[in-house]
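Colleague: Could you walk me through this one? I'd like to start with how the strands pair up and then move on to the charged side chains.

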Amino acid sequence: QADGSPYSVVNQATGVLTALPSVGDVIKCGRALYRVEGHPVPLLCGRTPLYRPLSEGLKGWDVKELNRNLVDLGYADGGELDSSGYFGSETRFALKDLKRDLGLARAGSLDPDQAVVLPGPLRISSVSATLGTAAQPGTPIAEATSTARRAEVDLEAPQAESIKVGDRASITLPNNRTTSGVVRSIGAVAVDGGSDSDSGSDSGPSSDSGSGSSSGGGSGPST
């Protein structure tokens, strides 16, 4: 999540778990997270969990996020799909192509048990499910974190005053190489209430250094 804490990968499918991710795996949007009875369950990126079957004629935030995924994954151009969140014929065609590439039945609809929606590409931090056991709808199978890397810096109050959210930052890594980042948040100044001194320290800004490393490319499934 935004603060670096993990979020749950919640399964909605029914059947035997036949493939699970490993700790450290990086999963991109549109790639398989795990498999149930051989069928891949892909990651779609967004903030609205699948709560209803999606098919032609529907409209809503969940459809809007599906359309955005299909465009981002290269299955449609931005002008072909309704940006307001309508499931039209072009959404159906693009969805069928995505499901074909994943190895799923080439149907132009999407059920809640056929994908997991999470905010973005993720890195698996722990796996709670056991291979070969029955998948239970509504049960987490793993925890994951964002692939964005986060650095925290302690600064004195006068230093913090010259920094604002959105500033570019240069971050020196342990191997002495540098990478760019952006200041995302700045903590409050902490002052020792038991001291007569006016000095204090700031908890410092938090910088994101961009996406973590990942393997593979394209819109096809991972195996």
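This is a predicted model: local features need pLDDT of at least 70, side-chain atom pairs count only at pLDDT 80 or more; totals for chains, interfaces and linings use all residues.

Colleague: Which residue in strand 9 is the bridge partner of Val 10?

Modeller: Val 10 has Pro 140 as its bridge partner in strand 9.

Colleague: And what is the order of the strands in that open sheet?

Modeller: The open sheet has 4 strands in the order 1-9-7-3, and the pairing is antiparallel. Strand 1 (7-11) and strand 3 (26-27) stand at the edges with a single partner strand each, so one side of each has no neighbour in the sheet.

Colleague: OK, changing topic: how many salt bridges does the structure hold?

Modeller: There are 6 salt bridges in the structure. As background, side chains of opposite charge can pair when their charged atoms come close.

Colleague: Which residue does Arg 68 form a salt bridge with?

Modeller: Arg 68 forms a salt bridge with Glu 65, and the closest N and O atoms of the two are 3.8 Å apart. Both belong to helix 1 (residues 61-72), where, because they are 3 residues apart, about one helical turn separates them.

Colleague: Is Glu 65 buried or exposed?

Modeller: Glu 65 is buried, since its relative accessible area is 9% and the cut-off for buried is under 20%.

Colleague: Now helix 2: where do Arg 100 and Asp 97 lie in it, and how many residues apart?

Modeller: Arg 100 and Asp 97 both lie in helix 2 (residues 89-102), 3 residues apart, which is about one turn of the helix. The two form a salt bridge in which the closest N and O atoms are 3.5 Å apart.

Colleague: What else does the side chain of Arg 100 meet in a salt bridge?

Modeller: The side chain of Arg 100 also meets that of Asp 101, at 3.1 Å from N to O. Arg 100 is partly exposed, with a relative accessible area of 44%, and Asp 101 is partly exposed as well, at 28%.

Colleague: So which residues are linked in that network of salt bridges?

Modeller: The network of salt bridges links Asp 97, Arg 100, Asp 101 and Arg 106.

Note on methods
Residues are numbered from 1 along each chain as its sequence is written. Side-chain values use heavy atoms; hydrogens and water are left out. A salt bridge is a side-chain nitrogen of Lys or Arg within 4 Å of a carboxyl oxygen of Asp or Glu. Helices (H or I, at least four residues) and strands (E, at least two) are DSSP runs, numbered from the N terminus. Buried means under 20% relative accessible area, exposed over 50%, partly exposed in between (1.4 Å probe, protein chains only). Two strands pair if DSSP finds at least two bridges between them.
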